[in-house]
Amino acid sequence: MLLFRSEETVDLWCDAHKIPRRPLINLDQLWQLAVTWYGNRLTIESRRPAPDEMMSIFASIGLTGPFWDPKSDQWK
Amino acid sequence: MPFDDVDTKIKLVVYRLTAESGSVPTSAEIAQATDLSDADVRAAFARLHANRLLVPEPNDPSRIRMAPPFSGIPTAFPVEARGKRYLANCVWDAYGIAAALPSDAIVPASDGHTREPLILEVKSGKPISQPYVAHFAVPAAHWWDDIVFT
């Protein structure tokens with residue numbers, strides 16, 4: 001995942017790499033994602049979330065739909 | 001593939017040594033820090049990779065490319081925290097290092113297209129507000145098809 005100053009530079013990057021524009025998230029959402037995903041990574045309790053847990057984590061910050069579904073076959 | 005206590009032990013040592021030094025350790029450094037052989041550690045790397053918990057360096061099973069959120073190689077997302085310079089795999093992981101340590105942090109990043117410097121900062125458990133955005137190019141179902149690109 002890359003960082004951009006604005007949606008305009010995202011579009012320029014997508015055009016340059018011939019990659020369709022995909023979801024954007026703001027820094028508050030990104031921080032919440034980082035805390036939930038990695039907050040206990042250095043502890044023995046840390047484990048990789050199961051697919052349904054991943055979807056719940058994404059949904060908790062407003063990220064829903066097949067793009068955020070680790071079991072989706074929409075892009076195969 | 002089994003995921004046993006040896007793997008958990010090695011995973012914790014990887015993260016402890018990385019947090020202490022700023023650098024992701026090699027299999028030899030982990031073996032030295034434990035009562036395990038270098039071969040045991042490399043075998044654990046492979047199992048942890050199969051369980052999507054770390055990524056060994058391609059063509060060098062003694063090194064780790066990714067122990068998320070940490071990177072074993074230089075990236076565009078260094079993280080300055082605790083007086084050290086860590087390396088993150090992506091912008092999500094840059095915040096992830098600040099969350100995992102946990103620590104205040106400064107991330108001297110840049111725009112993914114223009115390379116204009118963009119500084120991220122975490123202070124007292126919160127990000128300093130900026131109008132920047134993160135772009136996820138790969139759907140979640142395909143993150144591990146090529147996790148380095150993702």
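Domain bounds here come from an automatic or database domain assignment, and for chain B that assignment gives domain 1 (5-67) and domain 2 (77-127), whose C-alpha centres lie 23 Å apart.

Before I go on, please keep in mind that this is a predicted model, in which local features need pLDDT of at least 70 and side-chain atom pairs count only at pLDDT 80 or more, whereas totals for chains, interfaces and linings use all residues. Residues are numbered from 1 along each chain as its sequence is written, and chains are lettered from A and ligands numbered from 1 in the order in which they are written.

Now to the interface, where 33 residues of chain B are in contact with 39 residues of chain A, contact meaning that the C-beta atoms, placed from the backbone, lie within 7 Å. On the chain B side, the largest share, six residues, comes from H4(B), helices being DSSP runs of H or I with at least four residues and strands runs of E with at least two, numbered from the N terminus.

Helix H2 (residues 27-38) of chain A packs against H4(B) at an angle of about 55°, with the axes 8 Å apart; these axes are lines fitted to C-alpha atoms over the stretch in contact, and angles run from 0 to 180 degrees between N-to-C directions. Among the residues making this contact are A:Trp31 and A:Trp37 of H2(A) and B:Trp92 and B:Tyr95 of H4(B).

Finally, strand S1 (residues 2-4) of chain A runs antiparallel to S9(B), joined by three bridges, where pairing requires that DSSP finds at least two, and B:Val133 is the bridge partner of A:Phe4.

Definitions and conventions. Contact = placed C-beta atoms within 7 Å.
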